[in-house]
Amino acid sequence: MKELTKEDTNILKGISLLLLLFHHLFYEANGLYSDITIGDTGIVCEVGKVFKVCVALFVFLSGSGLVKSCRNREISTLGFYKKRLARLFPTYWLIWLLFVPAGIIFFGRSLESVYANNIVPKLIADIMGLAYAFEFYGYNATWWFMSCIIVLYLLFPFIYKVLGNKIAITAIMAGSIAISYFDIHGLYPIRHYLMTFVAGMIFARYNILQRCKVDT
């Protein structure tokens with residue numbers, strides 16, 4: 001078993017995208033392939049729900065990839081934020097500027113119908129990709145992942161600096177398990193994914209796949 005290469009990672013991301021597509025098409029019963037059942041259970045719908053595992057795979061690869069990109073060098077927390085957030089926001093804002101006006105003009109989905117009260121602060125949080133950090137979905141519910149990855153990026157430099165300390169990592173993993181059971185304001189988007197993110201970091205930091213190599 002070798003360390004994941006960039007090509008391996010891209011292949012896994014491609015698989016994740018296919019799982020993501022299947023999940024969004026079929027995670028709710030919509031009448032398609034509803035005749036494929038075991039008892040009263042719609043198999044296609046259930047498989048669609050299971051395929052949400054793609055999120056965990058994306059998060060794991062993100063943690064692993066970030067460690068590899070920072071390996072063998074000190075990182076500046078501010079510099080890391082500037083670099084990573086500069087990659088995230090232009091694409092997100094482009095999609096936001098295309099999607100939201102289209103929703104308002106062609107589908108009658110007004111800002112009032114989405115944000116109800118406190119439109120301005122909720123709109124700002126949504127534009128900044130942090131709607132789900134404040135425990136609401138924003139204009140498009142699927143954009144919740146933006147909040148997840150932003151919070152993970154904010155935590156990354158601090159976790160990265162203690163990766164060599166096994167006691168600190170054990171504490172972080174234990175904390176990850178704990179927050180999965182509690183609604184901690186601001187950490188809500190990562191409550192189920194912090195441990196996966198840290199696991200990806202650990203796999204890259206300690207070359208675990210290489211250590212698991214079995215001679216043939």
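**Entry 1: H3 against H7**

I began with two helices. The axes of H3 and H7 come within 11 Å of each other and cross at roughly 35 degrees. I noted the hand as well: H3 passes H7 in a right-handed crossing. This is a predicted model, so I treat every value here as computed.

Next I listed who meets whom. From H3 I have Val-55, Phe-58, Val-59, Ser-62, Gly-63, Leu-66, Val-67 and Cys-70. They meet Trp-144, Phe-145, Ile-149, Leu-152, Tyr-153, Phe-156 and Tyr-160 of H7. I sorted this contact by class and got 13 nonpolar residues, two polar and no charged ones.

**Entry 2: the core**

Which residues touch the most other members of the largest nonpolar core? I found Leu-152, Phe-156, Tyr-160 and Met-201, in a core of 46 residues. I then looked up the elements that give two or more residues to this core: H3 (53–70), H4 (77–107), H6 (119–127), H7 (144–160), H8 (166–179) and H9 (194–205). H7 gives the most, with 11 residues. The general background I keep in mind is that nonpolar side chains tend to be buried together in soluble globular proteins.

Setting aside neighbours within four places in sequence, I find Tyr-160 in contact with Val-67, Cys-70, Arg-71, Asn-72, Arg-73, Ile-75 and Met-201.

**Entry 3: aromatic pairs**

I searched the whole structure for ring pairs and got 18 aromatic pairs. I looked at Phe-80 with Tyr-153. Their pair is edge-to-face, 6.1 Å centre to centre, with 75 degrees between the planes. Phe-80 sits in helix H4 and Tyr-153 in helix H7, so the pair links distant parts of the chain, 73 residues apart.

Are these two residues buried or exposed? Phe-80 has a relative accessible area of 6%, so it is buried, the cut-off being under 20%. Tyr-153 comes to 11% and is therefore buried too.

I then checked Tyr-92 with Trp-143. The ring centres are 5.7 Å apart and the planes are at 75 degrees, so I logged this pair as edge-to-face. Tyr-92 lies in helix H4, while Trp-143 lies in the loop between H6 and H7, so the pair ties together parts 51 residues apart in sequence. Both Tyr-92 and Trp-143 are buried.

I also traced a cluster. Ring pairs link Phe-80, Tyr-81, Tyr-153, Phe-156, Tyr-160 and Phe-197. Phe-156 and Tyr-160 I had already met among the residues that touch the most other core members.

**Entry 4: Phe-134**

Where does Phe-134 lie? I placed it in the loop between H6 and H7. Leaving out neighbours within four places in sequence, I find Phe-134 in contact with Ala-125 and His-185. I also took a distance to Arg-191, which is 57 residues from Phe-134 along the chain: the C-alpha atoms are separated by 13 Å.

**Entry 5: the whole chain**

The chain has 10 helices and two strands. Read from the N terminus, the elements run α-β-β-α-α-α-α-α-α-α-α-α. The C-alpha trace spans about 55 × 50 × 35 Å along its principal axes. Of the 216 residues, 36% count as buried. I also looked at contacts between residues at least 6 apart in sequence: 69% of these join residues at least 24 apart.

Methods: Residues are numbered from 1 along each chain as its sequence is written. This is a predicted model: local features need pLDDT of at least 70, side-chain atom pairs count only at pLDDT 80 or more; totals for chains, interfaces and linings use all residues. Side-chain values use heavy atoms; hydrogens and water are left out. A nonpolar core is a set of buried Ala, Val, Leu, Ile, Met, Phe, Trp, Tyr and Cys residues joined through side-chain atoms within 4.5 Å. Buried means under 20% relative accessible area, exposed over 50%, partly exposed in between (1.4 Å probe, protein chains only). Helices (H or I, at least four residues) and strands (E, at least two) are DSSP runs, numbered from the N terminus. Contact means heavy atoms within 4.5 Å. Axes are lines fitted to C-alpha atoms, for helices over the stretch in contact, and angles run from 0 to 180 degrees between N-to-C directions. A crossing is left-handed if the near helix is turned anticlockwise from the far one by less than a right angle, and right-handed if clockwise. Ala, Val, Leu, Ile, Met, Phe, Trp, Tyr, Cys and Pro count as nonpolar, Asp, Glu, Lys and Arg as charged, and the others, Gly among them, as polar. Rings of Phe, Tyr and Trp (its six-membered ring) pair if their centres lie within 6.5 Å; planes under 30 degrees apart count as stacked, over 60 as edge-to-face and the rest as tilted.
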